[in-house]
Structure formats: structure tokens, C-alpha cells
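Work through the exercises below with the structure in view. Try each task before reading its solution.

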Amino acid sequence: MKNLFSLIFSLMVSAALFAGKGIVVSQKYNNPDIRGNVTMTWYVSETQCKLKMDFQSADVNTSTWFIPDLTSGRLISFGEGPVPAGLPKTYYSIPVQNVKSTNSVSRVSINRTGETKTISGMVCEKIVVKTNRNITEMWITTDFKTDLYKYSAFFQNSYELMGLSEESIQGFPLESVTKDNAGKVISSLELASAMQSDLSSKDFTIPADYKANDVK
């Protein structure tokens with residue numbers, strides 16, 4: 001009876017968390033090669049997404065936005081903060097085919113383990129992504145049925161999205177760890193927060209005071 005109550009309570013919490021039209025997920029990105037703190041905040045609706053990447057170190061404090069557009073096939077990118085006097089605020093529009101990856105993998109296999117656990121009130125499934133170079137273990141929440149995998153080509157350094165895209169898996173990766181074949185940790189994602197949000201198309205537009213700098 002206690003286990004049944006716990007399951008019902010967990011499902012009620014999950015339903016309440018994602019009763020809106022979108023989610024906002026903040027994660028700490030850890031990479032031993034990066035000397036600084038990286039926070040990634042995703043804004044995801046049923047049909048759109050954008051990513052804010054904050055980087056902090058002893059000398060640098062930056063915030064950069066990325067908005068992938070499936071319709072135009074372009075990745076919009078712009079930074080926050082002041083610009084030099086006399087210069088306009090600029091956003092870059094990059095064709096998706098020009099988005100480069102540092103991941104050179106030739107084989108991808110997916111193992112949906114069937115293992116589950118609850119993270120911040122959300123039921124998650126463990127999925128293992130194996131390539132010829134590394135292994136990614138990630139926990140995917142499917143409480144919010146987002147097609148995030150469709151944006152894999154815009155974020156080619158993400159092993160998580162690469163794995164979701166391989167089998168068109170709906171859901172969002174809340175936590176993950178990627179190791180090389182020797183067992184060394186390459187990177188990890190640690191959940192900081194996740195909440196429902198009634199996101200609309202206006203939340204994915206470029207600020208009006210930014211001017212275009214299209215990349216051919």
C-alpha cells in the first residue's frame with residue numbers, strides 16, 4: 001500500500017509539473033577541459049526550443065543564446081550584455097549545415113535499459129548511448145512529450161541529443177554522464193532546476209533591438 005501511494009503521489013507531482021505548455025530546465029555542465037562554470041538553461045515547448053549558456057570564470061562572465069529554427073534551417077545566436085559605443089547589437093543566423101561538431105563518431109547504438117528513477121519529482125528512464133569513442137548514460141523524463149531530438153543537427157556536440165535522434169525518442173535528458181572507452185569522464189549534466197512554463201511563440205523570438213548578421 002505504501003509503494004502504491006508513493007507511485008500515485010509521484011504521478012500527481014509529474015502531472016502538476018508539466019501541466020503547462022512547456023518546461024524550463026537549468027543544468028550545470030561539467031567538463032574537465034573547461035576552466036570555468038557553465039550553466040545551460042533550456043526553454044522547450046511542444047514545437048520550439050532555445051538554449052541559454054552562461055559561462056563564468058575569474059576573467060569572463062558571458063551569456064549566449066541559441067535558437068534553432070527548423071523551418072528556415074538556421075541557428076540564431078546572440079550574446080547578452082553591453083556592446084562598444086556606436087555598434088549595434090547583433091545576432092548571427094547560421095545555416096544548420098555550417099554548424100560544426102567536435103564529435104567524430106562513426107557508430108551509434110541505443111540501449112533503453114528499462115531502469116527508472118525519480119529526479120525532482122519526475123519519472124525518468126535510463127538510456128545508454130554507445131559510439132565508437134564513448135558511452136553516455138542519461139536519464140530521460142518522458143512526462144513532457146517534447147521532440148527535442150529534432151534539434152540534434154543544431155547542437156552536434158550533444159551526445160544526449162544525438163542519442164535521442166538516433167531512435168526519435170521523445171523526452172528531455174535531465175542528467176547524464178559521458179565517458180571515453182577508458183572510463184574517463186568527458187562531460188556531465190547535473191540538474192539544477194526544472195519547472196513548467198506556459199511558453200508561447202513570442203518566447204522564441206529575437207529581441208527587437210538586435211540586427212541581423214547572416215552567415216552564408
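**Exercise 1. Find the polar partner of the Ser63 side chain, then describe the surroundings of Ser63 in this predicted model.**

Solution. 
- Step 1. Start at the side chain. That of Ser63 makes a polar contact with the side chain of Asp54, at 2.4 Å.
- Step 2. Ser63 belongs to strand 4, which spans residues 61-69.
- Step 3. Classify it. The relative accessible area of Ser63 is 16%. Buried means under 20%, so Ser63 is buried.
- Step 4. List the contacts, leaving aside neighbours within four places in sequence. Ser63 is in contact with Lys52, Met53, Asp54, Phe78, Gly79 and Glu80. Asp54, the polar partner from Step 1, is on this list.

**Exercise 2. Decide whether Thr141 is buried or exposed, and find what its side chain meets.**

Solution. 
- Step 1. Locate Thr141. It lies in strand 9, residues 134-141.
- Step 2. Check the accessible area. Thr141 has a relative value of 1%. The cut-off for buried is under 20%, so Thr141 is buried.
- Step 3. Look for a polar atom pair. A polar atom of the Thr141 side chain lies 3.3 Å from the backbone nitrogen of Asp143.

**Exercise 3. Describe the largest pocket: its volume, its lining and the elements that supply it.**

Solution. 
- Step 1. Take the volume. The largest pocket holds about 870 Å³ of space.
- Step 2. Count the lining. There are 38 lining residues, and Tyr29, Met40, Met53, Asn157 and Ser158 lie nearest the centre.
- Step 3. Name the elements. Those giving two or more residues to this lining are strands 1 (22-30), 2 (37-45), 3 (49-56), 10 (172-180) and 11 (185-196), together with helix 2 (159-166).
- Step 4. Find the largest share. Strand 11 supplies it, with five residues.
- Step 5. Sort by class. The lining has 22 nonpolar, ten polar and six charged residues.

Definitions and conventions:
Residues numbered from 1 in each chain as written. Predicted model: local features only at pLDDT ≥ 70, side-chain atom pairs only at ≥ 80, totals over all residues. Heavy atoms only, no water. 1 Å grid on protein atoms, 1.4 Å probe; cavity = no way out; pocket = protein on both sides within 12 Å on 5 of 7 lines; lining within 4 Å. Points joined across faces, edges and corners; volume = space filled by probe spheres on them. Helix = DSSP H or I, 4+ residues; strand = E, 2+ residues; numbered from the N terminus. Nonpolar A, V, L, I, M, F, W, Y, C, P; charged D, E, K, R; others polar. Buried < 20%, exposed > 50% of the residue type's maximum accessible area, 1.4 Å probe, protein only. Polar contact = N/O pair within 3.5 Å; in protein donor to acceptor, adjacent residues only side chain to side chain. Contact = heavy atoms within 4.5 Å.
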